[in-house]
Amino acid sequence: AVVASELDLACADQQCGIVAPAIGTELTDATDGDHEALDSAGAALVDEVSYRDLIPGKEYVLEGVLMDKATGKPLLVGDREVRASTTFVPNSADGTAEVEFGFDASLLAGKELVAFESLEKDGLEVAVHADIDDEGQTVAITDVPSSPLAKTGDATAVATLVAFLAVLAGGLGAWAARRRMASDPDDPADE
């Protein structure tokens, strides 16, 4: 026997929303924050993971793996995948956390690496970001250091430096000529 029931679908007091956490990532070189890294034995890449709709005060784990863009498979250095993780407790529903990958990239020049991230709470995956074509998640390994001027395209700084050096050289030349004239009054150049 039913004593009481409430079956009003329009009643706001009986409704609840389900929020699905989401993440997005940007992978950069830890040295200078760009999307290129040198092929060094001590390479370090940082994946800044932005998250949305987490439960503040609860523990989460970010698990990352570097992927070889050309093959679409996990990057192998030696015989091991390059993985990293971090555990954090968010203070607010939306924010960022970082995962840092350290590995030997000395034989990886020419490869493009993509970070895939998985967010877990209580051992269950609650969000994933794994897009092999996402430029924000991609870092190119190169054997040539990138120039800050090449990155910014600021030719003005180079032109200003060249002009300054030309004025300085002219000034030094004039100063040296005056000193020569003052120290050698019989110099035929004076006539």
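Strand β1, which spans residues 22-29, is largely enclosed by the rest of the structure, because 6 of its 8 residues are buried. The model described here is a predicted one. Strand β1 pairs with strand β3 (residues 43-52) in the antiparallel sense, and 8 bridges connect the two. Within this pairing, Glu26 has Glu48 of β3 as its bridge partner.

These strands belong to an open sheet of 3 strands, arranged in the order β1-β3-β9 with antiparallel pairing. Strands β1 and β9 (95-103) form the edges, each pairing on one side only. On average, neighbouring strands of the sheet are turned by 20 degrees against each other, direction ignored. Strands of a sheet pair through backbone hydrogen bonds, in either a parallel or an antiparallel arrangement. Between β3 and β9 the antiparallel pairing extends over 9 bridges, and Ala43 finds its bridge partner in Phe103 of β9.

Strand β9 also contains Phe101. Phe101 counts as buried because its relative accessibility is 0%, under the 20% limit. The C-alpha atoms of Phe101 and Asp29 are 9.8 Å apart in space, although 72 residues separate the two in sequence.

Another buried residue is Ser118, with a relative accessible area of 10%. Ser118 is located in strand β10, which covers residues 112-121. The side chain of Ser118 makes a polar contact of 2.7 Å with the side chain of Glu125. Leaving aside residues up to four places away in sequence, Ser118 touches Ile23, Val61, Leu62, Glu63, Glu125, Ala127 and Val128.

In the whole structure, 5 salt bridges were found. One of them joins Lys111 and Asp68, whose closest N and O atoms are 2.8 Å apart. This pair links distant parts of the chain, with Lys111 in the loop between β9 and β10 and Asp68 in strand β4 (residues 60-68), 43 residues apart. Lys111 is partly exposed at a relative accessible area of 29%, whereas Asp68 is buried at 6% relative accessibility.

A further salt bridge is formed by the side chains of Glu81 and Arg83, with an N to O distance of 2.8 Å. Glu81 is partly exposed, at 37% relative accessibility, while Arg83 is exposed, its relative accessible area being 52%. The side chains of Arg52 and Asp53 also meet in a salt bridge, at 4.0 Å from N to O. Arg52 is partly exposed at 46% relative accessibility, and Asp53 is likewise partly exposed, at 31%.

Key. Residues are numbered from 1 along each chain as its sequence is written. This is a predicted model: local features need pLDDT of at least 70, side-chain atom pairs count only at pLDDT 80 or more; totals for chains, interfaces and linings use all residues. Side-chain values use heavy atoms; hydrogens and water are left out. Buried means under 20% relative accessible area, exposed over 50%, partly exposed in between (1.4 Å probe, protein chains only). Helices (H or I, at least four residues) and strands (E, at least two) are DSSP runs, numbered from the N terminus. Two strands pair if DSSP finds at least two bridges between them. A polar contact is a pair of N or O atoms within 3.5 Å; within protein, one must be able to donate a hydrogen and the other to accept it, and residues adjacent in sequence count only if both atoms are side-chain atoms. Contact means heavy atoms within 4.5 Å. Axes are lines fitted to C-alpha atoms, for helices over the stretch in contact, and angles run from 0 to 180 degrees between N-to-C directions.
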